[in-house]
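Work through the exercises below with the sequence and the model at hand. Each task is followed by a worked solution.

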Amino acid sequence: MTKGILAFGAYIPWRRLPRKAIADTHGWFNPALKGQAKGERAFCNWDEDAVTMAVEAARDALIGRDRASVAALRFASTTFPFLDRLHSGIVAGALSLDDGVSTIDVAASQRAGTSALIEALGSDSETLVVAAEKRGAKAASPVEMSSGDGAAAILVGEGKPLATLLAKASRTADFVDHFRSVDNQFDYQWEERWIRDAGYMAVVPPTIKRCLEAAKVAGKDVTHFCMPATLARVASSVAKAAGVDDKALCDPLHANCGDTGAAHALVLLAATLEKAKPGDKILVVGFGQGADALLFEVTPEIGKRAKNLGVAGHLARRKEETSYGRYLAFNDLIELERGMRSETDKGTALSSMWRNRETVTSFIGGKCSKCGTLQFPKTDICVNPNCNAIGTQEPHGFADMAARIKSYTADRLTYAPDPPSCYGMIEFEEGGRVMIDFTDIDADALKVGQPMQMMFRIKDIDATRGFRRYYWKAAPVAGKAQGA
Amino acid sequence: MAKGIKDKVVIIGMGCSKFGERWDKEADNLMVEAYTEAIADAGIDTKQIDAAWLATAIEEQHVGKSATPLAVALRLPFIPVTRVENYCASGTEAFRGAVYAVASGAADIALALGVEKLKDTGYGGLPQRGRGPLNDMTNPNASAPGSFAQLAAAYRAKHKVDAKDLKHGMAHISVKSHDNGAKNPKAHLRNKITVDTVLNAPTVAEPLGLYDCCGVSDGAACAIVATPEIARGLGKKDMVSVKALQIAVSNGLEAQHNSWDGSYFATTRIASKRAYTEAGIDKPRDQLSLIEVHDCFSVTELVTMEDLHISPEGGAIKDVLDGFYDADGKLPCQIDGGLKCFGHPIGASGLRMIYEMYLQMQGRAGERQRKQEPVFGLTHNLGGFPQRNVCAISIVGKYGA
C-alpha cells in the first residue's frame, strides 16, 4: 500500500460570461478593461455557492468509489457562506459520508487549498480535500475580470495512488497583497508590481527550491508547474527563478474559466492530472501570506483512473451568458425589483431540517424490503398499491441514480431568481420519481424523456435571517466523461 | 356496496354572489349576498336551518380559521357550524357535509356556503404562501399554472399529439367559456375572445398562456338542502335532488409510484365511476345533459373530458373542436362560463357549479338557458396538483329521474 492521490475531480459552473460583456458595460469608466476583454469567466448560477460546488467536485472525484473509506474531509475556501456553521459538515451530509468522518473547514488564505492538501497528505486517514470558491468582486474591478468560480476535490490515502508526493515545503509571511475583512464584502488590493517583486518573486522561488532539494529533483525535471497567478508573467518569472522550464507552465485557465481563488491550485492540479503521463513530475504552488509547494510524481495508475468530467469535462459543459445583468443579479451586485411574490417568508424550521436531513441533505429515499419498490421520500407505508407494507422501507440513495423528465413546465408566474422557473416530474430509471426544481437548463430545451442527473444546490435564501437552505435539483445530463 | 345518496336529499334554495374583483366588499358581505338569495329562494327563515358548513381554502387571506365567520355573518342562532377545507374542492365538500347531515336524519334543513376573498394580495394570481416546513424544503416553488401545465407535456408525449394541435384544442375551450360567460351577468369575465387572442397571449407557464388560466375572483355561493318530504311541505315542485356525491383523494401514488403517467387525473377517473354507479348512470356521454368541470386551466378541462369517461382516451381534442361541449353542442360544458369566466373564488366554486345546474333544471338560467331543461347534471370540483389532488364529483338531477 502506497500513500498518494487516489482520485480527483472538479467542478466548473455551467455559465460563462465573456469578458467583453464586462468591458462593454464599464469601458466608459475604466477604459483599461477593454484590453482585458478576451475569453470568458465561469460564474455560479444563483443557486450555487462554495458549498454546492464543493459537493459536485467531490462527487466527481468519488465516482465509482466506496465512500465508506473516507475518514476525513477538509474543505478549503475563503468564500464560505457562514461564519459559524461547519461547511464540511454540509458537504459530508450531501455526500452521505459516514457520520464518524472528521471534518474541518480551512479558510482565510488563497493557499487554503494547498495547505489542506499538505495536511491531508501527512495524515494516516483517507482524506477528501475539497476546495471551492465563489469569487466576489466589485463591478468594473480587475478581480471581476480575472476571477472565476469553481472547485476541485482530491482524495488522498493509502492504496493505488495516481500520483505520490515526493516532497513539500511551506513558508509563512504576513505579506498582505490584498485582504478582505468581516466588515467588507470585497478585496482591497495593493500595487501589482509590488506584489510581483516583493511577494511572489521573494517568497515562492526559495520555497520551491527547498521542496525540490528535499525531493532531490532538479527544476528542469518538473513536467508540470501549477501556480495560480493572475498578474501578467508572474508564473513564468517564478518558474525561471526556480529553474523550471517555461514549457512546464500549465494553462492557468484564464481564457475559459478565470482564477478560482483558494480552489485554483487544486483546480490546476486536477486539470494537469487529467492529461499527465506516468513519471510526470507535477509541482503545485499556492501563494497567500506565504507559500506552499508540493511535488508529485504520476504513477502508471493514472491510466486506469475512473471516468469523470473533471476540469475538461466541466469546461465543455458550458453555456455562454452574454447578459452582464444576469451576472450582476446572480452575484447580488444590483438591486432588482423582484416583485411582491418574492416577499414570501422563506424561513427554515431548523428542527425539521435536522429531522429530515436524510431526505433533504442526503437525498435518501426508501426501498421496500418486501416488494423492492423504490420511492422518494421514504415513508412508513410502501407506495406500491399491491404492497402497502408498513415499516419495510430501507434507506436508498437517489442522488446518483439516472433519471428522465416525465413532465415539465417553465413557470413565469411563480417567483424565481432566474425566471422562468423550470421544474417537473422526473422518473428514476431504477424506479421512483419526484417533482423537483430543475437547474442549469434552458426552458426551450425541456422535453419529456430528457436524461437528468441530480445536483446539490441552494433551495432558498432567507435574506431576512441570513440563512440558506440546500436541497437537490435535476439538471440535464451534459458533458462527456473522460478517463480510462 | 352502500346504497348511496340518490334522491334522499333535495335542494330547496340556492344563491350566488356576483364573482369578480369585489374591491368594495368584505368576505362577510359576499356571504350575505349569496345567502339572501338562497334563503329567499328556499322560502324559509334562518331559524329553520339546523346545521351549516363553511368552505374556504385560503382563509388566511381573508376570514381566518374556524366556522365562526359564517355563523357571525349570517347571525346563525348558535347552531352547529363546521368549516371544511379540501383544496379547491372545498365547496363540494361543504355541500357533502350538509347533504349527509340531512340524509342521516340529524338535520332537517342544512346549509352549505363557500366563500373566498382573494383579491387582497396586491398582485394577480393566487396568493403565494408557505406549505409547511418540510414541503418548503423540498417542493418546487410551483404556481398553480405551473403544476397543471405539466399535464400538457405528459399528454403530448403519451398520445403523440403535436404541441400546436393541443394548444388549438385548449384555445377552443377558452373561447367557448368566454362566449358562455358573456351571457352570464354574475360572471367575472364577460368579454368574448378569439382563438388568436388565446394563442397570442403572454405565456404564464409553458404551454399555458394568460387565456388558458381561469380568473382569480372574490365571491360566495350557497345551497340549502332538505329531505324531499320537507321540501314538499314547503310547497316545492320540480325538485332538484342529489343523485351522487363522490370524492377521491390521492394517496401519494401519482407523486411517488411510476404507474401514473402524468397525463390524466387518477382521482377523477375513480370518483366519476363511483358517481355514475351511485346515480345509476351507465352511459355518461348519452345520459348526462350538462357538465360543469374544474377548468382552472384549459388543459385541465381537456383531460377531464376523458377522465369523466365522456370522451375516449386521446379523443378529447376532437370532441372539443367538434363543438361537442359547446353551449349548443350535445353536452355543454361550462355553460355559465366556468371557472375560466364565471370566476374562481375557491371555496365557492363547487357550490357555484351546482347553482348553475339548479338554475338550468328549473329553467331559470336566463340568456344562457339550455332549450331542453337538463335532467342529469354533473359537477366536477378539483383541488391540489395533478400529482396530488382531491376530486369531488356531484351529480344532481330532476327528483325521481
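**Exercise 1.** At what angle do the axes of helix 2 (residues 50-62) of chain A and helix 3 (residues 87-94) of chain A cross, and within what distance do they come?

Solution. The model is predicted, so local features need pLDDT of at least 70 and side-chain atom pairs count only at pLDDT 80 or more, while totals for chains, interfaces and linings use all residues. Residues are numbered from 1 along each chain as its sequence is written, and chains are lettered from A and ligands numbered from 1 in the order in which they are written.

Step 1: find the elements. Helices (H or I, at least four residues) and strands (E, at least two) are DSSP runs, numbered from the N terminus.

Step 2: compare the axes. Axes are lines fitted to C-alpha atoms, for helices over the stretch in contact, with angles from 0 to 180 degrees between N-to-C directions. The axes of helix 2 and helix 3 of chain A cross at roughly 45° and come within 9 Å.

Step 3: classify the angle. Helix 2 of chain A is therefore oblique to helix 3 of chain A; angles under 35 degrees count as roughly parallel, over 145 as roughly antiparallel, 65 to 115 as roughly perpendicular and the rest as oblique.

Step 4: assign the hand. The crossing of these two helices of chain A is right-handed. A crossing is right-handed if the near helix is turned clockwise from the far one by less than a right angle, and left-handed if anticlockwise.

Step 5: list the residues. Helix 2 of chain A brings V51(A), A54(A), V55(A) and A58(A), which meet H87(A), I90(A), V91(A) and A94(A) of helix 3 of chain A. Two residues are in contact if their C-beta atoms, placed from the backbone, lie within 7 Å. Ala, Val, Leu, Ile, Met, Phe, Trp, Tyr, Cys and Pro count as nonpolar, Asp, Glu, Lys and Arg as charged, and the others, Gly among them, as polar.

**Exercise 2.** Describe how helix 6 (residues 192-215) of chain A packs with helix 7 (residues 234-241) of chain A.

Solution. Step 1: the two axes are 9 Å apart, at an angle of about 40°. Helix 6 of chain A is therefore oblique to helix 7 of chain A.

Step 1: helix 6 of chain A passes helix 7 of chain A in a right-handed crossing.

Step 2: R196(A), Y200(A), M201(A), V204(A) and P205(A) of helix 6 of chain A meet V234(A), S237(A), V238(A) and A241(A) of helix 7 of chain A. This contact has seven nonpolar, one polar and one charged residues.

**Exercise 3.** How many residues of helix 12 (residues 298-307) of chain B are buried, and what covers them?

Solution. Step 1: count. Ten of the ten residues of helix 12 of chain B are buried; among them are E301(B), E306(B) and D307(B). A residue is buried if 20 or more other C-beta atoms lie within 10 Å of its own, exposed if 12 or fewer, and partly exposed in between, with C-beta atoms placed from the backbone.

Step 1: find the cover. It includes helix 5 (144-159), helix 6 (163-181), strand 6 (208-209), helix 10 (266-279), helix 13 (316-322) and strand 10 (376-385) of chain B.

Step 2: take one partner. Helix 5 of chain B packs with helix 12 of chain B at about 55°, with the axes 8 Å apart. The pair is therefore oblique, and the crossing is left-handed. F148(B), A149(B), L151(B), A152(B) and Y155(B) of helix 5 of chain B make the contact with V299(B), T300(B) and V303(B) of helix 12 of chain B.

Step 3: check the end. Just after helix 12 of chain B, H309(B) takes a positive phi of about 65°.

**Exercise 4.** How many residues does each chain give to the contact between chain A and chain B?

Solution. Step 1: chain A gives 41 residues and chain B gives 34 residues.

Step 1: on the side of chain A that touches chain B, strand 18 of chain A gives the most, with six residues.

Step 2: by class, that side of chain A has 19 nonpolar, twelve polar and ten charged residues.

**Exercise 5.** What share of the residues counts as buried in chain A and in chain B?

Solution. In chain A, 50% of the 484 residues count as buried. In chain B, 61% of the 401 residues do.
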